[in-house]
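Biologist: Hi, I'm new to this one. Could you put the structure up and walk me through it?
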Amino acid sequence: MRRAWLPWAALWALLLPRVNGQEGILHASGNGIPPLTKDYCIRYNPSWVSLPNTLDDIASSSLENLTSKVFCSNSEVPSTLVIKDKAVVVMRGNCSFVDKARTAQSHGAKILLIASKSGLSSPSGNKTDVQNVTIPVALVRYNDIMDMQQALGARINVTLYSPSLPEFDYSMVVIFLIAVLTVALGGYWSGVSELEDLKTVTSPEDRETRRKKEENVTFTPLTVIIFVVICCAMLLLLYFFYKWLVYVIISVFCLASAMSLYNCLSALIRKISFGQCRISCCNKSIEVRLIFLAGFCIATAVVWAVFRNEDRWAWILQDILGVAFCLNFIKTLKMPNFKSCVILLGLLLLYDVFFVFITPFITKNGESIMVEVAAGPFGNSEKNDGNLVEGPAERSAPHEKLPVVIRVPRLEYSALTICGMPFSLLGFGDIIVPGLLVAYCRRFDIQTRSSSIYYVSCTIAYAVGMVLTFVVLALMKMGQPALLYLVPCTLITSSLVAWRRKEMKKFWQGSSYQMMEHLDYTANEESTTTANEPSGEQ
């Protein structure tokens, strides 16, 4: 079983195209006291000339800005221009990278930087021709060259290096804790709600009201199929009309997350016995503290919406709102039985795998639709192995991204933190979808009074699936659809527990069995109350 996933991992590795390129860092410093320094993203081909992993014992080179030239031939280099032992930056275009490198090398240049206005790509050329190139050649964004001169002045020294990628980034530990705790807490909250509903059902009228309420929040197999079809349609619409629909998604997220945060915090506040003063308005009474809570939740969502592109701290608000959204979703939406859980998780697993692994063979640019939508289409941008996202050189406005992920900054410094993906990401769906199964297991535990065995087992299986996802991510060095590992772990574990306890039929059918338990529980409560009343009178 432990090795069962290895053939699949190898298959995906063979199917996905590899890009012969690597990200590096251009370290630039001015001549001030103390000298100002800035780092910029570059892309180079390690098969040409490798770069050192650190800045230790590396001499910097003076930068010569020749972005008015393309360096396609020696005739473009003025005889009075001295570039010996300097780093030269020229414009991209008109000839191959190899021709530019030969021209710069023949005049004694130490480093060649090629400024690009159309995004970064890997320098390429005939292997025979490249053998004569001995100087580092790298692409850099044209806007970064302009920013460099504006921030550091006219006299700039540069060094190129490529830090080794960390085998494991500790931001993954934070992602793991957020995901597992959210799923566990959401499932537990769903169970608490179920238990409270059971205790309040004391009359046929209340029972009928509860039955109607359950039908409104139940996912039947047909509803599950419709839901997955809607997900597919929405993803395709976002792929083709991203720049308009992204603002719709942002608006919906603000509204839904504010309501979810209110529901989560109000459930805690109501447990506090003091501070319950009320005000009356329009024949309704409401607690003052809940009014202030609503204002706080709305303000939190508004602040995030205004500063959502501020990467230094806005991710904290997005994660708080995202966790609240996931908790409220898991608690509110109830799966009626294990059959519906299997259909939902199975279809969404196929949905995830198809749009991540299969669509690259369909799209014109060879990129997966899921990655394009999750990262946002950058126009002329390019991606490497599904992990590193390069922004375009020219940006008229901050790039908008879908707020449907938990984001944690990468804690290990590398080229990843400079080249456009400074965060580790986990989609809300990777929390909510398995979380619905965990919540069903918790409610089933309450119905069967089984000491939380289903809930605990499924939560542990989710944690194991997350660890497996991170292991494959570290081994394959490319983004992974987490549901590929979470769905089998949770479904198989839940099935084994039900089979071992000989409750598979009850676990599979769910809803009718739960309704019977509702009636039995209520009848027991009523009989207990009736039996106690006469003894009290005597």
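Modeller: A term to begin with: two strands pair if DSSP finds at least two bridges between them. Helices (H or I, at least four residues) and strands (E, at least two) are DSSP runs, numbered from the N terminus. This is a predicted model, where local features need pLDDT of at least 70, side-chain atom pairs count only at pLDDT 80 or more, and totals for chains, interfaces and linings use all residues. Residues are numbered from 1 along each chain as its sequence is written, and side-chain values use heavy atoms, with hydrogens and water left out.

Biologist: Great. How many bridges join strand E4 to E5?
Modeller: Five, and E4 (residues 87–91) runs parallel to E5. Val-90 sits opposite Ile-114 of E5.

Biologist: Is E5 mostly covered or open?
Modeller: Mostly covered: six of its six residues, 111–116, are buried. Buried is under 20% relative accessible area, exposed is over 50%, and partly exposed lies in between (1.4 Å probe, protein chains only). Ile-111, Leu-113 and Ala-115 point one way, while Leu-112, Ile-114 and Ser-116 point the other. In a regular strand the side chains alternate between the two faces of the sheet.

Biologist: What about H2, which residues are buried there?
Modeller: Among them are Phe-97, Val-98 and Lys-100, in a helix covering residues 97–106. Just after H2, Gly-108 has a positive phi of about 85°.

Biologist: Switching topic: how many aromatic pairs does the whole structure have?
Modeller: The search finds 16. Rings of Phe, Tyr and Trp (its six-membered ring) pair if their centres lie within 6.5 Å; planes under 30 degrees apart are stacked, over 60 edge-to-face, and the rest tilted. Phe-307 and Trp-313 make a tilted pair, 5.4 Å centre to centre with 50° between the planes.

Biologist: Why is the pair of Phe-354 and Phe-355 edge-to-face?
Modeller: Because their planes are at 85°, with the ring centres 5.1 Å apart. Phe-354 is partly exposed at 35% relative accessibility, whereas Phe-355 is buried at 5%.

Biologist: Which residues form the aromatic cluster?
Modeller: Phe-338, Tyr-440, Phe-444, Tyr-454, Phe-507 and Trp-508.
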